[in-house]
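Subject: Structure for you to look at

Hello,

Here is the structure I said I would pass on. My notes on it follow below.

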Amino acid sequence: MSSVTGAAAIASALEQLGVEVIFGLVGIPVVQIAEEAIALGIKFIAFRNEQAASYAATAYGYLTGKPGVCLVVGGPGVLHAMAGVGNSSANAFPLLLLAGSCESNQVNKGAFQELDAVALLAPWCKSTVRVSVETLSADIASAFRVSWYGRPGPSYVDLPANIIQGHIEENEQSRIVAPPPRPGPDPARILNVADLLHNAKAPLLVIGKGAAFARAESIIGQLVDYTQIPFLPTPMGKGVLPDSHPLNVASARSAALKEADVVLILGARLNWILHYGEAPKWKSGAKLVQVDISAEEIGRNNGDASAGIVGDINIVVAELLTILKAQEWIYASSSPYHKIISVSKEKNEAKARVAAEVRTEPMGYTQVFNIVKKTLNRLSSPEAGNIVYISEGANTMDISRSIFNLDHPRLRLDAGTHATMGVGLGYAIAAHAVYNPPDSEASHKKIVCIEGDSAFGFSMAEVETMARYSMDCLIFVINNGGIYHGDSSDAESWLRLQQNTIKGGDGQGLRSTSLGWEVGYEKMAEICGGQGYIVHTQEELENATVEGFHSKVPVVINVIIEAGQTKKLAVNIEANDP
Ligand code: ADP
Ligand code: MG
């Protein structure tokens, strides 16, 4: 039996698990693992901060449907990567985090980057393990499996330096982890839901990002097309069925929620995004039937535990559809619920059309998004599904969500369940890795980030990561000089506020929401081989969007928009409520 370094054995264990990309940031001694992985043909994407790397790995997990892998150093590296652990856990994205740790015989001696990461992460992970020499590849495979099976989430593997750097007997045993077995539903509950639908006056489907993760678009599409039940996507459930589908009630969200009496919830939790399933947003007494892979989720908040179904969405929906077809049940198009929804849709869409035409200088949010949308749609229509949208920032995310339409699943990522600002650039790098694998020019998708200036600031150094790997991401920074609306409406008043912080000044200085005035974010691209644009007008924005779309390097378009507390926000149509 031959012996190899621990680093080589770890890399080979990952290769056997089918890992194609590792997101991370190296140092001693995990750099050896990264180098061994590269030697095996695994792509290692080296970030500027573990936080963004860990976020990227979670997005990769969501988009590919199997664990994203993140490799970092111990101690501070783990602390930064905890952000991804939280993100994975909150969003139910599969993540395998691997980190170095100090030599086993130096524990508690104040060793280099010493941290008891297993103890730290145990409450937040589905599994944590400090590997041993005898079980190294089995430990890694087990962590990978647990993060993936059931409701996905984070697993942590702690790799002591002496194991990474030591020699171990090569373990020939293959450690392949098959895709998770899919749980099927209780047949009695399927019959019960069919009964509920028969008696429903106002049935509704809610489609969440669990349905996108489950790749259930085809069967859900068949259910909707056969039964004619209206559907509402959650923010990341957008695109599971095309936004353009006539039964999509997103633009009549409030009315649809308020009137629905039987709601089938496919892969979404009744958390803040869905107002906990409670009145007054929902009709009181409405039957909210959750379909979820996690039994613990059923009955949480206002979900009906007696009607909820545990199972994989693909199987549950297929069985329900079989029953409904056998019963020849179709929801009547003449129902008053359809009428209420269409009236509300018309009203809200008319409002949105008016808002889309508003022209101001400086530009407002709605104006910017409509120009970008029109320009991008000219370059690639939503039906083509060649654009992935990533969006974060308070107003930026909320207002853009209803403007950019999607016709395909898993093409939109946002701040998610934790409303985490700072995920955007890491997510963009992950999306680029997923959708633009090497040597596949044909399937190229453009990654478009729509970032608030505050959100961009969390991870703007990752533009350099994009540039280094020739990732042609197109980033719009919607720059109003602050969090939310920014606080100054012009350069002079900003300066006045800034100077007031000087001792002896007469005011209170910059607000907590203030950021720098017209910061040159576009330069972040220019300093590392990307392209930068600063735009103030509609024409400049259109031109930069076209050039940015065709560019082969990362592009930052710094869009200066109206700022200042006193300015009225862009018309916020109802659909902007998540
Ligand atoms: P959203 O943010 O869109 O509301 P959530 O993240 O709150 O969605 O909910 C997604 C839900 O989907 C989670 O409760 C998760 O357990 C569930 N889920 C994930 N995969 C599947 C699957 N294959 N089948 C059923 N439910 C799933
Ligand atoms: Mg801002």
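Leaving out residues up to four places away in sequence, Ile33 touches Ala7, Ile10, Ala11, Leu71 and Ile164. Please keep in mind that this is a predicted model. Ile33 sits in helix α2, which covers residues 31-39. There are 26 other C-beta atoms within 10 Å of Ile33, and the cut-off for a buried residue is 20 or more, so Ile33 is buried. One of its contacts, Ala11, is 22 residues away along the chain, yet the C-alpha atoms of Ile33 and Ala11 are separated by 5.9 Å.

Ala46 is 20 residues from Val26 along the chain, and their C-alpha atoms are separated by 7.5 Å.

The loop between β2 and α2 also holds Pro29. The peptide bond leading from Ile28 to Pro29 is cis, with omega near -5°. Another cis bond runs from Glu361 to Pro362, again with omega near -5°. Pro362 belongs to the loop between α13 (336-357) and α14. As background, most peptide bonds are trans, and most residues other than glycine have a negative phi.

Two residues are worth a look on the second count. Gln113 is not a glycine, but its phi is positive, near 50°. Gln113 lies in the loop between β5 (95-101) and α5 (117-121). Gln228 is placed in the loop between α10 and β10 (231-233). Its 16 C-beta neighbours inside 10 Å make Gln228 partly exposed.

On the overall layout, the protein chain is divided into domain 1 (3-169), domain 2 (187-341) and domain 3 (358-481 + 518-560). Between the C-alpha centres of domain 1 and domain 3 there are 30 Å. Their contact takes 20 residues from domain 1 and 22 residues from domain 3. On the domain 1 side, β3 (43-46), α3 (50-64) and α4 (76-91) each supply at least two residues. Which element gives the most to the side of domain 1 that touches domain 3? That is α3, with nine residues. By class, the domain 1 side has 11 nonpolar, seven polar and two charged residues.

Next, two helix pairs. Two packed helices are described by the angle between their axes and the distance between the axes.

The crossing of α10 and α12 is left-handed. From α10, the contact uses Ile219, Ile220, Gln222, Leu223, Tyr226 and Thr227. From α12, the contact uses Asn314, Val317, Ala318, Leu320, Leu321, Leu324 and Lys325. The residues of this contact comprise nine nonpolar, three polar and one charged.

The second pair is α14 and α15, with axes that come within 10 Å and cross at roughly 55°. That angle makes α14 oblique to α15. The crossing of α14 and α15 is right-handed. Tyr365, Thr366 and Phe369 of α14 meet Asn395, Ile399 and Ser400 of α15. The contact of α14 with α15 divides into three nonpolar, three polar and no charged residues.

Helix α15 (residues 394-401) has several buried residues: Thr396, Met397, Ile399, Ser400 and Arg401. What covers the buried residues of α15? The cover includes the helices α14 (365-379) and α17 (453-458). It also includes the strands β14 (387-392), β15 (412-414), β16 (446-452) and β17 (474-479).

Regards

Conventions
Residues are numbered from 1 along each chain as its sequence is written. Chains are lettered from A and ligands numbered from 1 in the order in which they are written. This is a predicted model: local features need pLDDT of at least 70, side-chain atom pairs count only at pLDDT 80 or more; totals for chains, interfaces and linings use all residues. Domain bounds come from an automatic or database domain assignment. Two residues are in contact if their C-beta atoms, placed from the backbone, lie within 7 Å. Helices (H or I, at least four residues) and strands (E, at least two) are DSSP runs, numbered from the N terminus. Ala, Val, Leu, Ile, Met, Phe, Trp, Tyr, Cys and Pro count as nonpolar, Asp, Glu, Lys and Arg as charged, and the others, Gly among them, as polar. A crossing is left-handed if the near helix is turned anticlockwise from the far one by less than a right angle, and right-handed if clockwise. A residue is buried if 20 or more other C-beta atoms lie within 10 Å of its own, exposed if 12 or fewer, and partly exposed in between; C-beta atoms are placed from the backbone. Axes are lines fitted to C-alpha atoms, for helices over the stretch in contact, and angles run from 0 to 180 degrees between N-to-C directions. Angles under 35 degrees count as roughly parallel, over 145 as roughly antiparallel, 65 to 115 as roughly perpendicular and the rest as oblique.
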